[in-house]
Number of protein chains: 4
Amino acid sequence: MDKKKVAVLGASGYTGSELMRFLLVHPNIEVVHLTAEKHAGKRISDVFPHLRGFLDLELKPLKPKSIPKDIDVIFAALPHGTSAEIIKELYDRDVKIIDLGADFRISNKNYKKWYGQHPCPELIKKAVYGITELNREKVKKAKLVANPGCYPTSSILGLAPILKNKIADESSIIVDSKSGVTGAGRSPSLDYHYSEVNEGLKAYKVGEHRHMPEIEEALSNYSGLKVNVSFTPHLIPMDRGILSTIYVNLNKKITTKQLIGLYKKHYQDERFVRICEEKVYPSTNQVRGSNYCDIGIKVNSSNNTAVIVSVIDNLVKGASGQAVQNMNVMLGFDEDMGLEATPVFP
Amino acid sequence: MDKKKVAVLGASGYTGSELMRFLLVHPNIEVVHLTAEKHAGKRISDVFPHLRGFLDLELKPLKPKSIPKDIDVIFAALPHGTSAEIIKELYDRDVKIIDLGADFRISNKNYKKWYGQHPCPELIKKAVYGITELNREKVKKAKLVANPGCYPTSSILGLAPILKNKIADESSIIVDSKSGVTGAGRSPSLDYHYSEVNEGLKAYKVGEHRHMPEIEEALSNYSGLKVNVSFTPHLIPMDRGILSTIYVNLNKKITTKQLIGLYKKHYQDERFVRICEEKVYPSTNQVRGSNYCDIGIKVNSSNNTAVIVSVIDNLVKGASGQAVQNMNVMLGFDEDMGLEATPVFP
Amino acid sequence: MDKKKVAVLGASGYTGSELMRFLLVHPNIEVVHLTAEKHAGKRISDVFPHLRGFLDLELKPLKPKSIPKDIDVIFAALPHGTSAEIIKELYDRDVKIIDLGADFRISNKNYKKWYGQHPCPELIKKAVYGITELNREKVKKAKLVANPGCYPTSSILGLAPILKNKIADESSIIVDSKSGVTGAGRSPSLDYHYSEVNEGLKAYKVGEHRHMPEIEEALSNYSGLKVNVSFTPHLIPMDRGILSTIYVNLNKKITTKQLIGLYKKHYQDERFVRICEEKVYPSTNQVRGSNYCDIGIKVNSSNNTAVIVSVIDNLVKGASGQAVQNMNVMLGFDEDMGLEATPVFP
Amino acid sequence: MDKKKVAVLGASGYTGSELMRFLLVHPNIEVVHLTAEKHAGKRISDVFPHLRGFLDLELKPLKPKSIPKDIDVIFAALPHGTSAEIIKELYDRDVKIIDLGADFRISNKNYKKWYGQHPCPELIKKAVYGITELNREKVKKAKLVANPGCYPTSSILGLAPILKNKIADESSIIVDSKSGVTGAGRSPSLDYHYSEVNEGLKAYKVGEHRHMPEIEEALSNYSGLKVNVSFTPHLIPMDRGILSTIYVNLNKKITTKQLIGLYKKHYQDERFVRICEEKVYPSTNQVRGSNYCDIGIKVNSSNNTAVIVSVIDNLVKGASGQAVQNMNVMLGFDEDMGLEATPVFP
């Protein structure tokens, strides 16, 4: 089989780097075009010394017209707004597009409220929200996939079974999320300066993070309920990993064991979701570098609530890994191609 | 004035080390007796090289009878159970006792349920729960102070004003706490082995941590309400610091600004509590090494809930600093003696 | 082709875990037997939750007779002494053995001095020291390979070209090495307790580390010179990575550029060694998770000395990765099979 | 006694923050004037939330004429070049000046070579190099003190005794230094972005760091020898601490015990230098937050070399603590005023 040709727009961030890690071991893929505005003219291995000997492609400026016509798949890892503008220009080509940014994840109404004016609202409805485990059939047929945000991925996978089964109060969900610093990207700022972050733990954008409407929309669409979430993100002094601690009020008596059973059944055919046994809660380091989402569950029967703990690697299942998973589905490949390796522990 | 003589029982842990840091700069205190079972015969500076030149006292075995009669204050930093047994023997002396362990923090009923049989239940009622800001008047007269746990300190200070003012639903409180690794003490185990913790973030004892009944009892006693808390502790890859994110349902319309105002008023005379302005949330590194508790507040008016973020240094306000603060109150000293230095940032 | 059957003795440490990571993606290998004394009876995924779904083999007690007869390759990751005893029993089988411990790395004379009495000194001479880049031809024919230590690997690869070319004083070499904490293994102790290591940097076993004679022997054998090394190891608060800063006195005028050229030529056919350009020095995070050794070079012409900076991942090129590389050479496979993925950055 | 009035120029960096920590507990000092170009108009507690309630002074723009006439002591923590220009304008006032920058640390000749044209070379000779332990008598009488660099402080204190006693070859000294990230200051850049530094360890400016001539000059002046040093700095993923591993060739037979004795005698009256016993090497965490320099020593008699390991807190003994120590000496105060607290461990 001929390899599929891939372009990555915005290749000089951590998301780009992780895409390379998976695409370069993918048997059916060839990376042929990379862009990076600030670093145009350099090679990818200048920007990422760890890639020396693997890929020495030159980084190009971001011009849609310069992207070769025979590209089969485009990954866009661009700032929001920019992404939509570029994709608008590319949409009519015979190409599959996976956008790792926020431009096609939520409805135009919410986009306006949380991000501002959308450059091409007509495309939003054509995009499929690429949380693979929930939307696989739609992803298969999609031309444009909106790859989910990191916090939403961990939250949605943690909540999907309980909401689908309609045993939790969808109006009072609390998601307390903790993220490693790579989630903030590769642009230096005081907030992510080493000595400010190390030994410093803080909450930010409490109740005002843009991933909140994304979580609510995705879960509402999936469950048919009107889901309301209180969302608090925290910055943790570590490189990778998101852990979301999710609190729900149950509307049915159920034991921890039963709820675990329900989750296991829900995800029984999923390669990348693992449910922990009773009294076991996952650590971010057991999914590090991998596309896994591991979930631990506890029911408190005295007040009929449940706590669900969901961990992912924010750069993998929360970004590049899920993007490759979506690509595999779109192209009809085995879903785990390029993603077969074990997590990297420790 | 003659200096007061202090003994520390169980001086070889991080709590003991921090007590030294504050007591050695305290103008009215002299440290004269230290015990440490495993390290008896060594000097404190053998166990803590950073103390060389400050204090070279020999560590003694833990025998109540060997504790000099002229000791004025005893700090006990011992395993639960052991602590109560020792304090039982010392109680009749003319001495002030501050127990940093769990033995006198909760009612006998809860103690039995969460810890087991209590060695001297009759003393529990004589002990004052030493969350200084709430119980100052009782601490002043106390002979025996139960110094609060680290998680409870951050949770209680974060919740006291809102519960006292009866504007939150006391039956549906969620406390999501994150702690640095010193909270687990100085005894090696796989759970706290560097390579297991670094880059690893996890929840543990979900809904089953012994600090949960402590929080509930202390807040119930303080507010007169029957407080119910869902408590989830998490281990964070950093040395020091606790951040508790607290979720409450409000039973009254109130804005963020108003709630901040209420907290500022509640704590207006407190040296060691600082309330952040709107949209500002505290980081653990701004209280590091100090006795401060910093609190950030956000009301979500759409669903009438509030998020309160409370940070402390678990070894200081969460243990040794608060113990010294209590001692100062018990002895009639200025409350911040020995605790005057700024936090250590970064 | 039939897959080769592999056994790993001592599979519950970080070395064992990393072996799994490479062997499980290796197309020609099947892992069929694992031992772990302390954890016998558990499954490997109980001990390493990140391996759930990849490998659920039961861990067996360490009994040579229980190791299936049809095993093709044995990796031993055992304490020194134990390793030699076990290998002695297995040596006559038709099997390839790779010992990741220290028992066959140095001469009996040095072993006696640094480790004690050797259980089977007659086997030492039959073993090949498996620093693949230097001893490839011998490794090809070896039945028993002594996989090098982590510090020695980084030191030897950094020094081999300059010593082979006889342009440095072999009697006055200084190796200042810095290692992440995984190098100390997975057994808890106060020295590797999180709160003792984090924010703590120290030297240890100055001039007395057992890897010193290993470096000297390997380089003496390779260069034909009598190499003398002053070696100082340091413990760094990070999980993975060794950086060795090597100081040599040059006995010939040479520029930085020329010395870099010499290194590039020396390693021109090596997949796993990368030489940096002038003024560029490698970081441990650019080899993390991979089998690479990256080297930076600086000549100080004013006093005719050179500084060589060599980085590896201690668990990969310094242990399990090199072991797999050696296995590939021994079995006639492509040398990078199972080791093709890029480093994991960040 | 009236308190001495202090101004800090450039107060918004870590050095400024640490100065506050010591000056605010200093019984004889009052901080009255702070400048910070970028943050002028804000209060110091806006820039450093940990200082809320301690000091709410407004940060002023850096204008010499705006500095009150009755200031007794000026600390300058400014970029090199700027510092000299400002100090030139202030020099004729009746004020003591302590410059924490590099402008007055080295001779004009070396300054030109390593930094460029000096704004007021005539003042260089009037400045005293403030490594207190070596130059105390000169510091006492100084009007202008050049506070040493962080790497030089650890190196010079580690080498002074052995060079003064003329038992080491001064022409072949190697200093391999490792520094925490606060040494790089508070300005964000990719090099100090959390995710680039954490788990990343690297050498930089090998043989080309500006602290090299500073070390050589200071030690040459002190010992009367022509000292030559090969210096390699490394960046370590931790906040604070410098550890310098120093390699010297001895020109006299001496045992480890004897060399330790010599160091103890040399520093016997020094409050802030502690010499470790044989086989004990200091960790950076035992001096964290304090003004101590701890030193471990090992002689290798087989090749007549010594290894000296010296640790400091780069922000304290390597910057602000030593500056306060120098101020105390200049003003005739007890040398440890404001610096009495124990290190902050862990």
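The model is predicted.

**The sheet.** Start with chain C. Select its open sheet of 7 strands, ordered S9-S10-S8-S11-S14-S13-S12. The pairing is mixed. Now go to the edges: S9 (202-203) and S12 (273-275) of chain C each pair on one side only.

**Inside the sheet.** Select residues 173-179 and 242-249 of chain C. These are strands S8 and S11, which run antiparallel and are joined by 6 bridges. Pick out Lys178(C); opposite, in S11(C), stands Leu243(C).

**The helix on the sheet.** Next, select residues 256-266 of chain C, helix H10. Helix H10 packs on the sheet and touches S12, S13 (293-300) and S14 (305-312) of chain C. The direction of H10 makes about 150° with that of S13(C).

**Two loops.** Move to the loop between S12 and S13 of chain C, and select Lys279(C). Its phi is near 70°, positive in a residue other than glycine. Is Lys279(C) buried or exposed? Lys279(C) is exposed, at a relative accessible area of 55%.

Go on to the loop between S13 and S14 of chain C, where Asn304(C) lies. Asn304(C) is not a glycine either, yet has a positive phi of about 55°. Asn304(C) counts as buried, with 16% relative accessibility.

**The cis bonds.** Finish with Pro346(C), in the segment after helix H11 (316-331) of chain C. The peptide bond from Phe345(C) to Pro346(C) is cis, with omega near -10°. Switch to chain A. Pro346(A) is found in the segment after helix H11 (316-331) of chain A. The bond from Phe345(A) to Pro346(A) is cis, with omega near -10°.

Terms used
Residues numbered from 1 in each chain as written. Chains lettered and ligands numbered in written order. Predicted model: local features only at pLDDT ≥ 70, side-chain atom pairs only at ≥ 80, totals over all residues. Heavy atoms only, no water. Pairing = 2+ DSSP bridges. Helix = DSSP H or I, 4+ residues; strand = E, 2+ residues; numbered from the N terminus. Contact = heavy atoms within 4.5 Å. Axes fitted to C-alpha atoms, helices over the stretch in contact; angles between N-to-C directions. Buried < 20%, exposed > 50% of the residue type's maximum accessible area, 1.4 Å probe, protein only.
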